[in-house]
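The structure is shown first.

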Amino acid sequence: MSVITQLSIFVNNEPGSFAGITAALKECGINLKAFNIAESSGFGVLRAIADNPNEACETLKKRNIVVKLTDVIAVPMEDKPGEIYKVAKVFGESNINIEYAYAYAGPKGPAVFFRVDNPEIAIEALKAAGLETLDAADL
Amino acid sequence: MPKDEIKKMQYASLKKLVENLYQNNQFYHDRMKAQGVLPSDINCLADIQKLPFMYKQDLRDFYPTKLFTVPNTDVVRYHVSSGTTGKPTLVGYTQNDIGYWTDALARSLTSIGIGKDDVVQVSYGYGLFTGGLGLHYGVEAVGATVLPSGTGGTERQLELMQDLDVTAIACTPSYLIHMANVAQKMGIDFRRDTKLKKAILGAEPWTEGMRQRIEDMTGVKAYDVYGTSEMGGPMFTECEERKGIHISSDIMYVEILDPETGEVLEPGQKGEMVVTLLRKEAFPLIRYKIKDLTCIMEDECECGRTSPRIERISGRSDDMLIIRGINVFPSQVEHVLMQVPQVGDQYMIIVDRVNDLDTMVVQVEIKPEAFSDKIEEMVALKKRLEYEMKKYLNIAVAVELKESGSLPRFEGKAKRVIDKRVY
């Protein structure tokens with residue numbers, strides 16, 4: 001069980017800029033397993049899970065794309081009510097703040113990526129509560 | 001030269017100039033008549049205030065050569081300024097006009113220590129624009145080597161800069177920033193890989209904050225150069241002290257007037273600059289309202305030169321934007337932005353009118369390392385910039401954060417203001 005490295009890419013919030021970023025991803029052969037877009041006025045952030053995040057980050061930087069690596073955790077879930085609650089309850093009780101989250105369905109079934117203020121403590125808290133987290137190799 | 005003698009010399013030049021124009025220049029003859037002033041009314045330097053003003057519009061109205069005092073056969077060169085706001089303006093030069101222009105720049109270059117050991121890359125536009133050829137002649141006059149690279153072809157310019165041991169560059173501030181960015185991508189470090197020590201920057205408004213940025217990026221010492229196309233081109237620079245731009249008194253006489261009342265202001269008081277080119281031959285530039293705002297400094301400079309200095313141009317009244325009735329200079333926006341470390345070097349100002357209300361949006365590139373995955377941190381940066389703008393400019397400005405590299409780059413004069421308002 002370990003943290004997952006996520007790509008965070010700055011995108012101008014205007015027509016064509018997402019196409020520009022995704023064209024670069026295509027040309028660099030970077031496959032996204034999961035992503036979400038958060039937006040504010042004038043700009044957005046594309047958060048994505050890719051195969052080799054460190055390598056992908058360097059490749060994108062060379063193309064003058066503004067990108068950072070961020071730690072997230074991936075929690076597998078079953079497809080039924082109450083699953084997210086189990087996780088959120090653990091975080092709440094352990095005083096862990098969730099900054100954002102997004103869902104994904106991979107080879108091992110559904111999972112949710114969480115960005116929290118302290119991923120290591122979050123993993124420990126989930127473990128103590130009997131909950132699993134995924135490794136990069138599981139995605 | 002002592003100040004009294006300078007004034008005597010200026011008076012002698014003025015007297016001769018006015019007499020010649022009254023006799024030989026129909027335009028200025030008519031202007032003086034309309035004002036009710038004769039050459040005999042000019043009996044001391046202060047009498048210059050009796051003379052009528054000249055305006056940019058005069059240069060347009062009498063385009064191309066109707067203002068000329070000399071026959072076309074005596075004209076050795078033309079330069080033409082871009083007509084962004086109407087007709088272009090044409091400047092003609094006699095051999096003597098080229099001569100004192102070159103003298104002015106040679107003195108300026110000497111004052112910043114450029115001489116025969118230097119190699120100066122002139123990356124101002126050559127051609128109709130005055131920057132390239134003006135600096136070119138000045139550099140040659142001081143015996144330095146000129147590399148007339150002009151604008152564009154930045155990668156090649158950087159290679160030549162290294163190969164030819166270039167020690168100084170003359171270009172617009174925005175072009176030097178562009179060069180520094182390209183250099184970084186090519187793996188060139190100005191400090192390590194070039195001999196560049198000095199930069200003569202101008203032809204567009206820039207601030208002290210921008211100077212600091214440029215010096216941090218490149219390790220060069222940057223000097224401000226002043227001159228406009230109507231005057232003949234870039235002429236005067238700061239000296240090593242960098243406490244104002246030295247104006248050669250035998251070439252140009254400067255008055256600073258209160259923009260509202262027209263009253264002559266004391267040294268140190270900021271107002272509208274009015275210039276008289278004392279030795280201009282091809283056509284006159286007398287009491288020309290150049291629309292630049294500055295103040296004059298007459299105290300002796302630490303460099304020992306007695307010529308008066310003008311303060312860095314804080315704005316051109318033509319560049320002034322009126323946003324909801326408030327005067328805003330693009331240089332003020334730049335000043336605010338350059339104080340914030342997360343801000344990159346490129347910005348744009350977009351003015352529009354929405355529902356009969358002026359709006360101003362400042363798009364600004366942020367440095368890649370300032371990017372955060374946390375939206376709230378980015379919003380906080382945006383809000384901070386908006387707050388600083390509001391505090392400094394007194395109007396609400398919307399700030400848009402942009403990805404580094406996404407705003408336009410300029411190889412010539414930067415055009416950072418887009419005014420979409422239609423009246």
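Of the 423 residues of chain B in this predicted model, 43% count as buried. The secondary structure of the chain comprises 11 helices and 21 strands. Among contacts in chain B with a separation of 6 or more, 66% join residues 24 or more positions apart.

The C-alpha trace of chain B spans about 75 × 55 × 40 Å along its principal axes. Its radius of gyration is 22 Å, which agrees with the value near 22 Å that a compact globule of 423 residues would have.

**Domains**

Chain B is divided into three domains, with the bounds below.

| Domain of chain B | Residues |
|---|---|
| Domain 1 | 3–93 + 238–316 |
| Domain 2 | 98–228 |
| Domain 3 | 321–419 |

The C-alpha centres of domain 1 and domain 2 of chain B are 27 Å apart. Their contact takes 21 residues from domain 1 of chain B and 14 residues from domain 2 of chain B. On the domain 1 side, β1 (77–81), β9 (245–246) and β15 (315–316) of chain B each supply at least two residues. Of the elements on that side, β1(B) gives the most, with three residues. By class, the side of domain 1 of chain B that touches domain 2 of chain B has nine nonpolar, four polar and eight charged residues.

**Contact with chain A**

In the contact between the chains, 14 residues of chain B meet 14 residues of chain A. Helix α11 (375–393) and strand β20 (398–402) of chain B each supply at least two residues of the side of chain B that touches chain A. That side of chain B has six nonpolar, three polar and five charged residues.

**Helix α6**

Which residues are buried in helix α6 (residues 154–163) of chain B? They are Gln157(B), Leu158(B) and Met161(B). Seen down the axis of α6(B), the buried residues fall within an arc of 100 degrees, so they line one face of the helix. An α-helix has 3.6 residues a turn, so residues three or four places apart point the same way.

The face of α6(B) turned away from the buried side carries Arg156(B) and Asp163(B), which are exposed. The cover over the buried residues of α6(B) includes strand β3 (119–122) and helix α7 (173–185) of chain B. Just after α6(B), Asp165(B) adopts a positive phi of about 50 degrees.

How values were computed: Residues numbered from 1 in each chain as written. Chains lettered and ligands numbered in written order. Predicted model: local features only at pLDDT ≥ 70, side-chain atom pairs only at ≥ 80, totals over all residues. Contact = placed C-beta atoms within 7 Å. Helix = DSSP H or I, 4+ residues; strand = E, 2+ residues; numbered from the N terminus. Nonpolar A, V, L, I, M, F, W, Y, C, P; charged D, E, K, R; others polar. Rg over C-alpha atoms; globule rule 2.2 N^0.38 Å. Buried ≥ 20, exposed ≤ 12 C-beta atoms within 10 Å, placed from the backbone. Domains from an automatic or database assignment. Arc of directions from axis to C-beta.
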